[in-house]
Amino acid sequence: MLTNLHPTKPNLISILSLSVFSICYTMWRLIKILYLLIWVIILLSSLVDAIRFDLISGTSKCMTEDVMHDAMTVGKYSVVNPNEGYPLPDNYRITVRVTSPYGSNYHYMDHVDSGNFAFTASEGGDYMTCFWAVYHRPQLNLSIDFEWKSGVAAKGWSKIAKRGQIHVMEIELQKLFDIITSIHDDLFYLREREEEMQELNRATNSKMATFTALSLLICLSVAGLQVWHLKSFFEKKKLI
């Protein structure tokens, strides 16, 4: 009895399938790492100190901060005195409003030179802080110091350490724990957003499939009517 001693050739489709699977898996891992790096950068950027910006009288300027649901956020603002050692002029006043992604007011102050706000976000998304400078002729250039922190950065760890005389190492460990917890929550938030986008894609694909089937049905119906009309026309003319 003769037996085939030559090894069988590998299936080309199997090789291609494994290659595509490995490429997709590698891309998925890279996307997850990229998401994590982006959120770490966002989290670290929230630890930046106060910023200073200019505002011309009679104009406005707005800033946004992405705040997660149930996250603590605090802010502090003040108009810089152009003449140190002297009282701030009356025309150096601003109006400040903080609104949620759905337009709810969380803070409003009119004709002030400084203030602060603190609240727990009941809505997740981009919160907006807008500054309006009082109209004045000639125009004035106001410098404003603004500090806005959310999440882990909103906790005053230095004040907690001073108040409780807690060991520095415990404070650093607690800060690291809160940062890890925040990253963990952000990953779950990204997973929820991904599920929402997948659900949207599925709904869109279903609607497109329905629309395609309906379009095909209409085209076939029109083609059938045209054939029937031509057949009736030729029969009347006794061509067929």
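I started at Val96 and looked up its partner in strand 7, which is Phe131. Before going on, I noted that this is a predicted model, where local features need pLDDT of at least 70, side-chain atom pairs count only at pLDDT 80 or more, and totals for chains, interfaces and linings use all residues. Residues are numbered from 1 along each chain as its sequence is written, and side-chain values use heavy atoms, with hydrogens and water left out.

**Entry: the strand around Val96**

Which residue of strand 5 is the bridge partner of Val96? I found Met109. Val96 therefore has a bridge partner in strand 7, Phe131, and one in strand 5, Met109; I read strands here as DSSP runs of E with at least two residues, and helices as runs of H or I with at least four, both numbered from the N terminus.

Strand 4 covers residues 94–99 and strand 5 covers residues 105–112. Five bridges join them, and they run antiparallel. I count two strands as paired if DSSP finds at least two bridges between them. Strand 4 also pairs with strand 7 (residues 125–133), again antiparallel, over six bridges.

I then looked at the turn. Strand 4 and strand 5 make a hairpin with five residues between them. Gly103 sits in that turn and has a positive phi of about 90 degrees.

**Entry: the sheet they belong to**

In what order do the strands of this open sheet stand? I wrote down 2-7-4-5, four strands with antiparallel pairing. Strand 2 (60–67) and strand 5 are the edge strands, each pairing on one side only. From one strand to the next the twist averages 10 degrees. For such angles, axes are lines fitted to C-alpha atoms (for helices over the stretch in contact), and values run from 0 to 180 degrees between N-to-C directions.

I looked up another open sheet, with four strands in the order 1-8-3-6 and antiparallel pairing.

Inside it, strand 3 (residues 72–79) and strand 8 (residues 141–150) pair in the antiparallel sense over seven bridges. I picked out Ser78, whose bridge partner in strand 8 is Asp145.

**Entry: Asp145 and other charged pairs**

A salt bridge here is a side-chain nitrogen of Lys or Arg within 4 Å of a carboxyl oxygen of Asp or Glu. Asp145 lies in strand 8 and Arg52 in strand 1, so the pair ties together parts that are 93 residues apart in sequence.

Are the two residues buried or exposed? Asp145 is partly exposed at 22% relative accessible area, and Arg52 is exposed at 55%. Buried means under 20%, exposed over 50%, and partly exposed in between (1.4 Å probe, protein chains only).

By this rule I count five salt bridges. Among them are Glu196 with Arg193, at 3.9 Å, and Glu199 with Arg202, at 2.9 Å. Glu196 and Arg193 are three residues apart in helix 3, about one helical turn. Glu199 and Arg202 are also three residues apart in helix 3. Arg193 is partly exposed at 40%, as are Glu199 at 46% and Arg202 at 47%.

**Entry: further along helix 3**

Helix 3 runs over residues 168–236 and holds Ile218. Ile218 is partly exposed, at 49%. Together with Leu214, Leu217 and Val222 it makes a nonpolar surface patch of about 370 Å². Patch residues have over 30% relative accessible area and no salt bridge; like charges are joined within 9 Å, nonpolar side chains (Val, Leu, Ile, Met, Phe, Trp, Tyr) within 5 Å. Areas come from the Shrake-Rupley method with a 1.4 Å probe, and for residues only the protein chains shown count as cover.

The unreviewed UniProt entry lists "transmembrane region" for residues 34–53 and 208–228. Its positions are given in the numbering used here, feature names are shortened, and annotations may be inferred rather than shown by experiment. I checked 208–228: the span is 100% helix and 0% strand, with end C-alpha atoms 30 Å apart.

**Entry: the whole chain**

The protein has three helices and eight strands. From the N terminus they run α-β-β-β-β-β-β-β-β-α-α. Of its 240 residues, 22% count as buried.
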